Amino acid sequence: MNREVVTIKVFRFDPDKDKEPYFDSFKVQVKKGMTVLEALFDILENQDGSLGFRYSCRGAICGSCAMHINGSYRLACQTQIEKLEVEEIVIKPLGHLPVIKDLVVDMRPFFEKYESIIPYLISNPKKDPLLFSSKTKQRGQVDPSPSASGGGSKSGNSETKEQLQSLKERARIDEMIDCILCGCCHASCTMTLTDKDYLGPATLLKANRFYMDSRDKGGISRLKLVDGEHGVWRCHTIFNCNEVCPKYINPTRSIAKLKRGLIKNKILGRM
Amino acid sequence: MFEHKVIIVGGGLAGLRAAIEASKYADVAIISKVHPLRSHSGAAQGGINAPLGNHPEGRDDTWEKHAFDTVKGSDFLADQDAVEIFTKEASSRIYEMEHWGVPFSRTEDGRIAQRPFGGAAFPRTCYATDKTGHTILHTLYEQVIKRKIKVYDEWQVTSLAVESGLCYGIVALNRLTGELSGFLADTVIFATGGAGRTYSKSTNAIINTGSGMAIAYRAGVPLKDMEFIQFHPTTLVGTNILMTEACRGEGGYLVNVKGERFMKDYSPKFMELTPRDIVSRAIQTEIDEGRGFENEYIYLDLRHLGRKKIMERLPGIRDICIHFIGIDPIESPIPVQPGQHYTMGGISCNERCETEVKGFYAAGEAACVSVHGANRLGGNSLLETVVFGKIAGEYAAKYATGVEKSLIGKKSVQDLLKKDTERIERLLTKSGREHPGHIRQELKKAMNEKLGIFREKKPMDEAFARIKELKERYKDVTLSYKGRKYNLDLARTLELEYKLDIAEVITIGAINRQESRGSHWRLDFKDRDDANWLKHTTARYTTEGPIISYEPVKITRFKPEARKY
């Protein structure tokens, strides 16, 4: 197999100009350790300056360059061409999101879902602006009881010291805080395709990140935000999200934890 | 035209922290050329310094000790009044962020954990495994959502509106549509990050082009101390991705081809945890004198730390090594070399983040307050973003509530919008002989080779001539794509023009400074020269090139002394 030169087929589409998407093929000289992102830059600089794609850190931490590469969603910067072991690489944009141009998709629907679950630590539920906004009020009444995720050892509210968090409590959110919100899981999920309102794996993972944080006082209201047909129950545990995550996170597990929390609290008559 | 009381350019840590503060007092918007979560701050790994005293070895830590370490680390070029504010505010900023939800790693008794970093005698660096920047960036963005702060993402600023010493707003290019718009504001804060990508070997994100610094400079705001470029000792061979100082903080060794921990020859007491400028020179010396591997790198060895510690404290480093170079640091040493990492200089401002231009502020890596002087300590950059981000936000918002600019401002921004529209139209229509990519590559190569860790007059003069030539060639540049929508060729060619400005200022500052101080090491002037050079470099823009002048360093508590580790 001649891997010194690789053919890269790139999805092209400008909804303002093109009737339908098409593919362009480029030949790229492969250097040792070359990543798909570097190949895209090679194309941009030397072959076709009109190519659209997102980039920033090139070190798999910013989440800009998530795209579909040879059958799977990946970060272009983290994918080495040699390791794909093929002569032709096919690149498409993230699925289930509107294409703006080529590999650039509109991430707004993704981030709107993320914003809907109150994606920040709730330290005082009675004062929380989003918990009291009209949109979220319909979904869940504020529950001022201590965090359903275990209470935790607190040292008061004063910001002149840290809140205490045991190693065990901190370990509970270890996996979830690695999420870079790249959208690979969202794009790979069959449910985000069939139900446009489904919150999706990244958003639900975030919900669990706060639900499991011993410092968060959202408690049952966190669960209420992810209840319902577009919430956790839409997940059919297909594990696509788990398979594609470039940070090896298992969103399905987080969704299961939220489901369990909901069932438990419903049985106990707390909600 | 858009209007806001306060406009913050940059959605990294300094920008987000400024926005959070400013939103307490005034209407504020963030403008960034990428979504805020894609900012380079997220790539910070090792930690953030504050004298919390949570570690048994650092129980009696104080802001004064932190201040002294910072000033000594800066080779006495930092302004000590600013360093005092910096270190006094540190602990409050950490506690505040902990309450906002930053998932700091913890001690056995549940406090924020601290690890050793270079230039401090005991552990002072708070961390969240080796993803500290990532977790703080996400947490501050969450706080921005909570406050419903308006974000214009994928807008690239093209100009700053300044007239008669007053700032009125900006002009920016919407990357998605290719259209330009004016943004009228009472105050503008630049938190636009560093200029790492003027060098070919850099740990920085590809977006770190120094454009913000250059836009301010072109609008008449001076740049300060630009010749001080930090080279991080340990960057992964090939991609130059950062291998955090925490690798050494947690006990990692630097080893040459003979298998020796060579830092014993350079800094026997602090060994691997000597400040970055010194360790980078040591590594480069080993490589230059034939004790490196393949004349290119040395080893960062973590194997003796064991699987458990590596998985617990340095999981991100392990992932990067596996994905980008195919080795597992639990089993193999990591091939590393020094690489450009940080821009100590920046937009000249005071300890309130105010610049010479009324209504214009700077914070974070884009700014030069200066708290880092000639060499920044590891763990102090994240701290700078939140301490001075907050200060910039507060002062900018308070100033904005007291001014009404209306007509003059509107006209100023409109005029600038017209100018930039013509400039971009010209770029999109003209055809020339020069390829922007070639100019970019040649510039980065020259900077890397001739303004690196070891400097001397002749190569720097050559670099200066090369930059002049590239600036001329840039005038004849042609774009390969002339469309408007998501035109990366246009976006990057605009950035290139600014890069050329920045490279010129770095080079001229370095040629002029005939001494060795911190990161600026001259083979032809090997000593620090306080009598002549204990001063800040200031560069002002003119069409013929920068005009250089000097300003005194503010020395309050700590008299300059020999910097020994």
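## Domains of chain A

Domain bounds are taken from an automatic or database domain assignment. On that basis chain A is divided into domain 1 (5-105) and domain 2 (108-267). This is a predicted model, in which local features need pLDDT of at least 70, side-chain atom pairs count only at pLDDT 80 or more, and totals for chains, interfaces and linings use all residues. Residues are numbered from 1 along each chain as its sequence is written, while chains are lettered from A and ligands numbered from 1 in the order in which they are written.

Domain 1 of chain A gives 14 residues to the contact between the two domains, and domain 2 of chain A gives 14 residues; two residues are in contact if their C-beta atoms, placed from the backbone, lie within 7 Å. On the side of domain 1 that touches domain 2, the largest share, four residues, comes from strand β4 (residues 72-75) of chain A. Helices (H or I, at least four residues) and strands (E, at least two) are DSSP runs, numbered from the N terminus. By class, this side of domain 1 of chain A holds eight nonpolar residues, five polar and one charged. Here Ala, Val, Leu, Ile, Met, Phe, Trp, Tyr, Cys and Pro count as nonpolar, Asp, Glu, Lys and Arg as charged, and the others, Gly among them, as polar.

## Strand pairing in chain A

Two strands pair if DSSP finds at least two bridges between them. Strand β1 (residues 5-12) of chain A runs parallel to strand β5 (residues 88-92) of chain A, and four bridges join them; Thr7(A) stands opposite Glu88(A) in β5(A). Strand β3 (residues 66-69) of chain A also pairs with β5(A), in the antiparallel sense and over two bridges. In that pairing Ile69(A) stands opposite Ile91(A).

## Contact between the chains

The contact between the chains takes 46 residues from chain A and 42 residues from chain B. On the side of chain B, the elements that give two or more residues are α3, α4 (132-146), α9 (315-325) and α14 (488-512). Of these, α4(B) gives the most, with six residues. The side of chain B that touches chain A has 18 nonpolar, 13 polar and 11 charged residues.

## Helix packing in chain B

The axes of helix α2 (residues 63-73) of chain B and helix α3 (residues 80-100) of chain B come within 9 Å and cross at roughly 135°. Axes are lines fitted to C-alpha atoms, for helices over the stretch in contact, and angles run from 0 to 180 degrees between N-to-C directions. α2(B) and α3(B) are therefore oblique to each other: angles under 35 degrees count as roughly parallel, over 145 as roughly antiparallel, 65 to 115 as roughly perpendicular and the rest as oblique.

From α2(B), Trp63(B), His66(B), Ala67(B), Thr70(B) and Val71(B) meet Gln80(B), Val83(B), Glu84(B), Thr87(B), Lys88(B) and Ala90(B) of α3(B). The residues of this contact comprise five nonpolar, four polar and two charged.

## Sheets of chain B

Three strands of chain B form an open sheet in the order β3-β5-β4, with antiparallel pairing. β3 (48-49) and β4 (114-115) of chain B are its edge strands, each pairing on one side only. Two bridges link β3(B) to strand β5 (residues 125-126) of chain B, and Ile48(B) stands opposite Cys126(B).

A further open sheet of chain B has five strands in the order β17-β15-β10-β20-β21, with mixed pairing. β17 (367-368) and β21 (547-552) of chain B each have a single partner strand, so one side of each is left without a neighbour in the sheet. Strand β10 (residues 223-224) of chain B runs antiparallel to strand β20 (residues 535-540) of chain B, joined by two bridges; Leu223(B) stands opposite Ala539(B) in β20(B).
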